[in-house]
Amino acid sequence: NLVKQWYQRRVRASVICFAPAEAKKKKLKALTDDIAVLKANLETLQSELNSTRTDLEAAKSERVALDQDHAWQALHMAAAAACRGSTASGGTGPWGNAVIPKENTRSCDAICGATSFNRCDADVSINGYPGKAKDYTNNVGRYYNYGCATPGNTNVDFDEVKAPEDGVLRGDVAYYRFCCCRKE
């Protein structure tokens, strides 16, 4: 279609060279009008392209935020499972138990004690690797248990609250730490 239009314009342009003066003016005006229409169409296409690019960038940003939220949620669910498995009783009491992010400089006894879930059952450090396991020898995650009474490893990188938003996706942190707390 574009080739056909180009060919028709070439024919019009060649006709101008051999036509009488009045016909040449008409043809020249028609070609000038065609050029103006093409320029307007090009501007419209460029505007639409810029709008589409902006929409795609916004959608990508929303998707990254959603992926981060899901990654943090998966980590929190894994922490709850680690807490459940780290206590001899599996967690007791008449209420649901709590998983609270571990501040790197405080003990879980102190962190749990400052909430309504005032009893510490465990201090867990966990990490999982991205991607699906390929065989039964893959290491897909790591864990470590600290006692409730001491701060344990005080590396600030293990502190979720102080971590960057995308920290869970970057994969450059060995562990995130959590306190396993219950009401007593």
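**Close-up views of a predicted protein model**

The model is predicted, and local features need pLDDT of at least 70, side-chain atom pairs count only at pLDDT 80 or more, and totals for chains, interfaces and linings use all residues. Residues are numbered from 1 along each chain as its sequence is written, and side-chain values use heavy atoms, with hydrogens and water left out.

**View 1. Four helices and four strands make up the secondary structure of the protein.** Helices (H or I, at least four residues) and strands (E, at least two) are DSSP runs, numbered from the N terminus. Read along the sequence, these elements follow the pattern α-α-β-α-β-β-α-β.

**View 2. Strands S1 and S4 pair in the antiparallel sense over four bridges.** Two strands pair if DSSP finds at least two bridges between them, and here the partners are S1, residues 98–101, and S4, residues 176–182. Val99 has Cys180 of S4 as its bridge partner. In a regular strand the side chains alternate between the two faces of the sheet.

**View 3. A disulfide joins Cys83 to Cys180, with an S to S distance of 1.9 Å.** A disulfide is taken as a pair of cysteine sulfur atoms within 2.5 Å, and by this rule the count comes to four disulfides. With bonded cysteines counted along the chain, the disulfides follow the pattern 1-7, 2-6, 3-8, 4-5. For Cys83 and Cys180, the torsion about the S-S bond is about -75°, so this disulfide is left-handed. Because Cys83 lies in helix H2 and Cys180 in strand S4, the pair ties together parts that are 97 residues apart in sequence. Both Cys83 and Cys180 are buried.

**View 4. A disulfide joins Cys108 to Cys179, with an S to S distance of 2.1 Å.** The torsion about the S-S bond of Cys108 and Cys179 is about -80°, so the disulfide is left-handed. Cys108 lies in helix H3 (residues 108–113) and Cys179 in strand S4, so the pair ties together parts that are 71 residues apart in sequence. Cys108 is buried, with a relative accessible area of 0%, and Cys179 is likewise buried, with a relative accessible area of 0%.

**View 5. A disulfide joins Cys120 to Cys148, with an S to S distance of 2.0 Å.** The torsion about the S-S bond of Cys120 and Cys148 is about -70°, so the disulfide is left-handed. The pair links distant parts of the chain, with Cys120 in strand S2 and Cys148 in the loop between S3 and H4, 28 residues apart. Cys120 is buried, with a relative accessible area of 7%, and Cys148, at 14% relative accessibility, also counts as buried.

**View 6. Tyr144 and Tyr146 form a tilted aromatic pair.** A pair of aromatic rings is described by the distance of the centres and the angle of the planes. Rings of Phe, Tyr and Trp (its six-membered ring) pair if their centres lie within 6.5 Å, and planes under 30 degrees apart count as stacked, over 60 as edge-to-face and the rest as tilted. A search of the whole structure finds three aromatic pairs; in the one formed by Tyr144 and Tyr146, the rings lie 4.7 Å centre to centre, with 55° between the planes. Tyr144 is partly exposed, with a relative accessible area of 45%, whereas Tyr146, at 19% relative accessibility, counts as buried.

**View 7. The largest pocket holds about 520 Å³ of space and is lined by 22 residues.** On a 1 Å grid over the protein atoms alone, where a 1.4 Å probe is used, a pocket is an open set of points with protein on both sides within 12 Å along at least five of seven lines, and lining residues have an atom within 4 Å of a point. Grid points are joined across faces, edges and corners, and the volume is the space filled by probe spheres set on the points. Leu75, Ile126, Asn127, Gly128 and Tyr129 lie nearest the centre of the largest pocket. Helix H2 (21–86), strand S2 (119–128), strand S3 (141–146) and helix H4 (167–170) are the elements that give two or more residues to the lining, and H2 gives the most, with six residues.

How values were computed
Buried means under 20% relative accessible area, exposed over 50%, partly exposed in between (1.4 Å probe, protein chains only).
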